[in-house]
Every structure is written in C-alpha cells, then in structure tokens.
Amino acid sequence: SCSFMHKEYVLFAGSLIEQLTTEKYECMVCCEVVRIVAPVWSCQNCYHVFHLNCIKKWARSPASQAEDGNSGWRCPACQNASLQVPKTYTCFCGKVHNPEWNRNEIPHSCGELCGKKRQCLDCPHLCNILCHPGPCPSCPAFVTKTCECGQTSHSVRCGQSTKIHCSNVCGNTLNCGKHSCTQVCHAGKCSPCQLTVQQVCYCGSSFKEVLCGSEEEFSDGFGSFSCQNICGKKLNCGRHNCKQVCHPQPCQLCPRLPQVVYRCPCGQTPLSKLLELGCVERKVCTDPIPSCGKTCGKPLSCGSYEFIHTCESLCHEGDCKPCSHTSNIYCRCGFKKKVTAITFMCDKRCNKKRSCGRHKCNEVCCVDTEHKCSLVCGRKLNCGLHRCEEPCHRGSCQTCWQTSFDELTCYCGESVIYPPVPCGTQPPECKKTCTRPHDCDHPVYHSCHSEEKCPPCTYLTQKWCMGKHECQSLTLPNVELYSTHTQQLGTDEFVKSRFRLLNVDDCSPCVTSVQISICLSSSIWRLNLHPYIPSQKFVLPQMKSTTLFFRIAAISIATKLTDLQLGDSVEISRLITKKEMKQARLQCDEECLALQRNRRLAEALEIDDNSDPFNIRSSGPKYSDLLKEDARKDIKFVSDIEKEMRLLVEAVNKGKHTKKSHCYPPMNRDHRRIIHELAQVYGIESVSYDNEPKRNVVITAVKGKSVCPSNTLTSVIDKEMQSRPAPPLPHYKQTDKSSGNSGLSKPLKEEPVIDYFDVQD
C-alpha cells in the first residue's frame, strides 16, 4: 500500500539511517550492535535489519518455523513467513553483493539509485532515490486521472489512493437498458433500476408490479406470468372456452371439432365404422359424439397398481361415475385399514411429544412428522412479572423484553437507576441510613433497603429480670418480648396462663398437670415433663442467671412447651456446659424410693412388670384437666376422634395385620394436640407431618399394645355435666330510676388470656 507518505518516510528511514551510521542499532536475534562493516539482512516486510549469520541460525531453528510447517520460517520482528533462507550479503536494493563501506554513503548501501518498484500497484514509476533502508517513499510524479463517472479529469499525485468524485450526475445506463443512473458521481457499479412496471398475466385476468430490468419483467408477447387460474379464453370454434391453466402459448384447437375427434367417447371404436352402421355424421363441435354401446372401461382414480378399477357404464361423454367397488384402504396415518370406497381417518390419537417436549400431539390419525406445538409457552420470565408469549419451546425462555422508562430509585431516593430500566431490575443499593418509620424511637443503624420490613432494632435497652433482682442490657427481640410480656402481665396474671414462670424459692409447687417452673434469678429449674411419669423431675446444678446465655436458654425451653405436653423430650445438654453436665446429678425423691422398693418386692415375689394383679391399671384412664376442658368446647370433634380410634383398635386386634394406620385431614394445632393426648390413652402411636397450614396427624394402632379404655372421654364429660349443680340465675343490678340508663346491666366479659408461648406441635 501507499500508506507511507513523505513525512512518515522521513521519520522512519531517517531514524534507521542514523542508528546504522552511529552503530546504535541492535540485532533482535543476538541483541548486539550492528557494525557498519558487518554483513546484514533486511526484511522486505517490516524493514528490520539483522546480522546475516544471526538470521541464518534463526531460520534453521525449530522456533522460527511457521505453524503449519509448510510456509517456511518466520521473521523475528513481524512474523512474516519466507520460504528461502538468505545466503549472501547484498545492499538494500539488492543490486550489489558484499557492498564496501564508504563514509560518504549510507552503511550497507551501494550508493546507486534504488530502482525498486514501489508498493503502490497503480504506480508505474521506480524509486528514484539512492539505495536506502526502509520502504520507498511515495512517488513524487503527477498524473491525470478521471473521476468515477469518467466525465471530468484532475491532476493528482501518482499512487494517490483517494478516489476522485465530481459533482455531476452519473448518467450511465442501468441494468434495464432503458433508464439512466440519477446518482451523483459514485464508485463501483450503478444500483439496479428501482422503477416499477406493470405486468399482465397470459390470460389477461391478473396484474402485478415488478422492478424494471428484473428477470420477472420478461414477456413473450402473450403476457409476463401465469396467474394459475383457468384460462377461459374462447377457442377457435367460438363456442367453447379454454379449460387449461393460464398458459403462455396460444390456446389449442377445440377438442370437439369434427376434424379432431376420430373415435367414440370411450376410444374403442372409430367413428368411420359407426358411420357405416348408420350413425349421423358430425358437422360442428356442438354435435354429440356417437356412442359405440360398449362398456366404457376407462381406469378410475381408485384402486391400486395391482387392482385397477374401471368404469362399468356404457360408452358415454363426460366424466365417469363413482366406482361401485370396495377395497381395503389404509387410513392416512397407516394405523388401520378398512373395506371402503373412500379415504377415511382412524380414531387413534398421536402420543408423540410435540417439538416443545412438554405436550403430546393428540391429533387424530396424525400424519405430521415434526409435531410442532401450537400452544403459547406461558411460563414466567426472569422478571417474575410477565409470561412468555412465544410458541411453546424447549429450554429457557428469553429475557423479558419489556423496559421501563421511569427512574428506578431506592426507598429514600438517593440512589437512582436511569432509564431505560429492564423489567425485573432490583432497586439500587443505597448506603444512606434507613428513613422508614419504625416502631421504636431508638437510633437507626441499618442502611436503606427495598424490603418492606426493617430488620430488628439493635439498640441496647435496659431490662429487669422477672423478680426485679437484676438489670441487663439486651438486644435480642425474643428476649425483649419475653421481658415486656412479664412486665405487662404481672406476677398474679402471668401465673394464670397455661404455662407459668414461678420463683421456686418464693412460690408453692405447681399443681397443674403439665407445667414448667423456671426462675431466672434462682439456681434451680424444675421441669414437670409428663403427668403420668413423676420421676421425670430434673434439678439442674447451681448456675449463674446473670448471663445472657441462660436467659436465652430459659426462653428456648419455654418454646418447647407444646412438645412437652405431648410427651416429647427436650435436649437440654446444649443449654449447659460439659462441666456442669458432669456435676449434674438426678436426686432421688420419695417417689423414686417407692418405685425401687416395689421393683425389689416384685422380683422377690416373681411378679411380672406387665401384669396387674390388683386391677390397678384397669381402673380406667386418667384424662388431664386441659384435655377435658378442650373436649367440653368441641364435644362432637372429640366424639368423632374416639369413634375412629375405637374402630382402628378393634380392626387391628381382630385382623391379621400387626399394625393399622389412619390419616386425619389437615387441622389446627389445638385439634392435633387433642389427637395426640387421646392416642396415648388408647396406646396408639401418633405423628404429625407436613408444615402449616397442611399439617396433619397419622395414628397407628399396634396389635396387642393398643386397647380401648373402659371409659371414653365423651362419657366422662357427660357424667361430669350431669353431676354439676344448676347454674345460678343471672344477677341484675338495681339502678336509680331517675337515671337515664336501663335497669339491667350486661355482664362484664373477661379479658382473654394471651398465650405468649404458643408454638407449633
């Protein structure tokens, strides 16, 4: 190319000549200075100069070989591949071998004119400066060149690659040969003619427009294209119309002319023979063609290659009648065949998957091979707001194409994402402090967020223990609610709740069936885990309650109260240290001593633990007060549960199977607790499954273990209701007649007791 102009040549060649003359130019192979008397070789692509011996060694080394292995060796500087390895020392123009050094000339040059052909392909002049390193400068000669359209001429530098354009209209003839180019002087060929011409079909009934000079413009004198309709032109007879599809040639002769028809309609008998038999000679095309009276015998469209059906009518004009035969014809999908005269469709539905891979074809008598799905995809896009409207497809849906042109800001408006905003983009992250309204008036330490709810307050607050003994700085929300609940209810009201928090040192022992006694300021925690197992009382060792760890431990145990009611156990080893676990000892009480004494007596008398000689265990089940209270509230539910349990126990004891289960529908926590407690009375295993709100209970009766109690809970409730005295009459408060209020006052409603430790079973 002629990219090296005069200024560029002066900079490049001048620097190269100066470094060679002052012996400051280094060989890229050996990194040594190139002496003025040392043999050199110059690359004709990048013009770098190397020692001749260095380039010979480099060309023979494996590192210099081209990647394909067949293109020779690569130049160390420009990586240009060469086939021949240099062998002799020549000047830069290549005319003189082993040039001698002259202090008045450029080192390694011959001192004569260069004479090399310039890189510009369209320059006919040779380089006219002395032998030199580097590229030849651009040609200084001036030549006359014409513009692109050829209408004007200009004097320009030889080898100039810039195209010459004039301001005249091109005017060259276009491809159609009829019109001229209307563009201003331009390079390359003229664009095709953009004018349109109107064409008519062969039969003259349809028209269309095409580009002038295109292949569709061809016309043979009868028209330019076929409209694929029936020609309909009058034939030469003047009585009948052409029945061929729109065609370019002239219409054929009337097929009914006397000089065209030589045989009867079925083609078996010549008309000349029928004339001898007395038939009337035809004069015009409208005269009927004589019939020979034989069977037509023309092949019909039905049948197959092996069995061809023919027309059974007598020789006639016009189309043949439908075939009267029947044959075994397959349906279009080839699944069934039927004895019929027409094509039919079977009732088989296609079970193949459609192209989406999700839906079945389900077409009746399907002959499709691709089974393209015509349904809409309808799956949610990545934005989560819109659904895919493309035809049902395989793989992931495309990204939602909807875009918002409104600014997307954080809650406080400090951080902004400017439009266009792709659908589904999350609000920007903001480092400012949250400005949402908060329930408390404490300082806010969290940043602005897009979630509706703020994180819990982390401000340290002072909270007293339940006994008002110590004050502690707390931040956990559950501990705050725990302390607030205790302060709001007070000691007397809090004791009335289902589960109590009592000071063991100051209060009497708990008397309810299932309770927990915990004091945060005391050193003893008493857990009454089960009403029927009094030996499950635990006394933990001396522990400091002033630490936050044990406060959290107390609340962790309190959250398991519902599981304790159902007879489950709680792992408390995680709530105390290993050292305290080693120091912990279960102190035996009077009940433990009584059980040990009875066990030794039973072993001495050889009495089985499972036996009941004094009929103590069969005296009837014991129902807790809480269970009785729940049964009074919903006696029908309890009756249905007991009925189902009785049927299950009787079925497993009478049947062959050792176990039998029943699954109850999803129900609330209170109803599930009733089922668990009744299952213990019946000796039935009960387990809760799934999460809210679909949590349900499955009971399993075991043969020999599950028994029906003598007194059901329903019967016990009925007896208690009958033995209760009649309720007293309502008391009406007497008021002053002079007052405007009524003389009857409504009874006051009790405030509901809030169960702050209500947890899931």
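1. Let's start with contacts across the chain. Taking pairs of residues at least 6 apart in sequence, 36% of the contacts join residues at least 24 apart; contact here means heavy atoms within 4.5 Å.

2. A word on what you're looking at. This is a predicted model, where local features need pLDDT of at least 70 and side-chain atom pairs count only at pLDDT 80 or more, while totals for chains, interfaces and linings use all residues. Residues are numbered from 1 along each chain as its sequence is written, and side-chain values use heavy atoms, with hydrogens and water left out.

3. Now the overall make-up. The chain has twelve helices and 21 strands; these are DSSP runs numbered from the N terminus, with helices (H or I) of at least four residues and strands (E) of at least two. Of the 761 residues, 31% are buried (buried means under 20% relative accessible area, exposed over 50%, partly exposed in between, with a 1.4 Å probe and protein chains only).

4. Have a look at helices H10 (residues 635-654) and H11 (residues 669-682). They pack at an angle of about 40 degrees with their axes 11 Å apart; axes are lines fitted to C-alpha atoms, for helices over the stretch in contact, and angles run from 0 to 180 degrees between N-to-C directions. H10 and H11 are therefore oblique to each other (under 35 degrees is roughly parallel, over 145 roughly antiparallel, 65 to 115 roughly perpendicular, and the rest oblique).

5. Who meets whom there? On the H10 side you'll find residues including Phe 637, Ile 641 and Met 645, and on the H11 side residues including Ile 674, Leu 678 and Tyr 682. The residues of this contact divide into ten nonpolar, one polar and two charged (Ala, Val, Leu, Ile, Met, Phe, Trp, Tyr, Cys and Pro count as nonpolar, Asp, Glu, Lys and Arg as charged, and the others, Gly among them, as polar).

6. Next, a sheet. Three strands make an open, antiparallel sheet in the order E19-E21-E20; two strands pair if DSSP finds at least two bridges between them. E19 (659-663) and E20 (685-689) each have a single partner strand, so one side of each is left without a neighbour in the sheet. E19 pairs with E21 (residues 696-702) over five bridges, and His 662 stands opposite Ile 699 in E21.

7. Finally, Phe 142 in strand E5 (residues 142-146). Is Phe 142 buried or exposed? At 58% relative accessibility, Phe 142 counts as exposed. Leaving aside residues up to four places away in sequence, Phe 142 touches Ser 155, Val 156, Arg 157 and Cys 158. The C-alpha atoms of Phe 142 and Arg 157 are separated by 4.4 Å, though these residues are 15 apart along the chain.
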